[in-house]
Amino acid sequence: MSRSRTQQEAPAGYRLGVCFYPEQWPRDRWAPYAAQMRALGLTYVRIGDFTWSEIEPNAGEFHWDWLDEAIDILAAEDLRVVLATPSAAPPPWLTAAYPEILPVDKEGRRQRGGSRRHCDLASADYRREAARIAGEFAKRYGIHPAVSGWQIDNELGDHDTGRSYSPAALVRFRTWLEQRYPSVDALNDAWGAHFWGQRYTDWSEIDLPNLTTGGANPSHLLDFYRCSSDLVAEFLTEHAAIIRAHSPNRWVTHNFMRFCDQFDHYPAAMPLDFVTWDSYPTGGVEYADVSLAEKARWARTGEPDLVSVNHDLYRGMKPGTHPWVMEQQAGQINWAPSNPAPADGAVDLWSTQTWAHGGACTSFFRWRAATIGQELTHYGLLRHDETLDRGALEIATFALDGEELVRAPRTVVLLHDYESLWIYDEQPQCAGATYWKQFMLFYGALRGLGIDVDIRHPDDDLTGYRLIVAPALQLICQRRASSLASFAKSANMVFGPRTGFRDLAGKVHPDGQPGPLEPLLGCRLLNFDAMPPLVSSSAGGHPVEIWAENYRSTAGIDVVAYDDGPFADSAAVVRHGNCLTIGAWSAPLIAELLALELRSIGIEPMPLPDGLRRVDAGTRTIWLNFNETLRRTPTGLTVEPVSWRFESRRKD
């Protein structure tokens, strides 16, 4: 294994990469592939994930020669290696020796091997063995000059594995609760355990919140989700430390997934140098909570806001850094209900969208379409027969390789909170309501008005933002309320339905919604209306569906819009000082109100045609057209179908 080259500084500007699985291809193809990768303009190559059984086919028996050779071949073409630790796929010998490594699902079934992510983070045996193999990788390749950085594991939480319901998870949960609460009585109080006779007298009586005859106690669920989430953050922290001990001056990351709700990503991101995520726009549309007509419309390009919201979310987890897309769809995928071929130009457009939202690299999945295993129909840059697929042809002429990274400051921020997401979706009250669907009402409205946004946690420092929007912030305590009130002194604030409905234990505040935010919002909830399909209402002259709230004043509010439904002539949208509370699920009403807020702080909105989006890229504006037809910008610029175009913002 050659170590003659010295590590170089990371290349400046935006770069492209690819995910490569040398173990799946004959060795005589590796060198031609590496040369072809370089010829296509790729800089980074991710390898190593899922290789545990190849590296260690039996306990303590290591076969490094093939991986040594693969890394050296990539290095010979000046390709930079991103090495992934292989703990997402424990080998068969390991799960045979320690069957409790296999997770237990919500239905109480012990899962089997034969796929991936068949591992329980609560298992001490798994944690020990996963740390051991990560250490072996780090010790062998930690100072290899071709290794630029590390990916810990792969897609934690995928296949709903972020929470295990195993005996080990139960032991962990009880220990976690004992550390969180000073006594069982304190837990009973926090959980409201006198409801339905759930009062506990000993920690050993507490079970996992699954397989209940009726709905589980929401506070019980919330704490279990927190406990499970902490396991993910602990795992990443442990493995980051192992890698850094043996691999100085290399970065460490993990590839999160779109709209993943299995754990709180904010603490999980803390031990990482920057965040990466995996983007599959056509699959995202298939699983999106949108109409069949919308799914058909965006089937080949992806819905623009469903992609960009993940870019903005992950950028906000590590402010000041540039996230990556570690896996970017490069062609047809295999795992959605339907898997249409992307439109011509889509791969180029998605890569540009990553750069526009502050990304530093797009790494395509995968190099060559697999001829074995579960992903036989998942295409890559090469087809099965090794010919260049359309995605490869698009990146071969990609115009932004090496482009300076985008660092444009934003003045508008949306607040996002996983704990509010968990409790919202556990008790939505209305079949059509979800946290993300409500969040997207506000995010989509702002993007449709031509506004760039950041996404941050509600407990972050929000200094400098002029408009703070909290679409679905359900959990509020006094500390959080006081923090938000301090930022309201210098910014306009907009709050969505169900704001402050619960305390941090998951209980409704004794004085009702919005709890300790009431002095800031100047109102309290009177009633809500959770509407079934085909039932609607109206507010402020706009149609309302799914959810509507009305309020009473407690501090001299101004009524901005009245409810025209079952709570006729009551307040549906209210203002108190520079804080606006919107209680109605109505996309046009929300867009209208946000436009007024923007104008009040001196920002003129720019309503855009559907599927056309703009991003401030410093001295230039970039226009992204996700439509399969031509679009014109409000400034008169023509943007071809499924393409992008720059517009200079420099003054002559």
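**Cavities and a pocket**

Author: The second largest cavity has a volume of about 60 Å³. The model is predicted, so local features need pLDDT of at least 70 and side-chain atom pairs pLDDT 80 or more, while totals for chains, interfaces and linings use all residues. Residues are numbered from 1 along each chain as its sequence is written, and side-chain values use heavy atoms, without hydrogens and water.

Reader: How is a cavity defined, and which residues line the second largest cavity?

Author: Rolling a probe the size of a water molecule over the atoms shows where empty space is left. On a 1 Å grid over the protein atoms alone, a cavity is a set of points where a 1.4 Å probe fits but cannot get out; a pocket is an open set with protein on both sides within 12 Å along at least five of seven lines; lining residues have an atom within 4 Å of a point. Here the lining comprises Asp120, Leu121, Thr161, Gly162, Arg163, Ser164, Ala169, Ser228 and Leu231.

Reader: Which elements each supply at least two residues of the lining of the largest cavity?

Author: They are strand E7 (276–279), helix H10 (281–287) and helix H12 (304–317). Helices (H or I, at least four residues) and strands (E, at least two) are DSSP runs, numbered from the N terminus. About 90 Å³ of space lies in this cavity, and its lining includes Trp277, Pro281 and Glu303.

Reader: What lies closest to the centre of the second largest pocket?

Author: That pocket holds about 440 Å³. Of its 22 lining residues, Phe195, Pro218, Gln427, Arg502 and Gly506 are the closest to the centre. A volume is the space filled by probe spheres set on the grid points, which are joined across faces, edges and corners.
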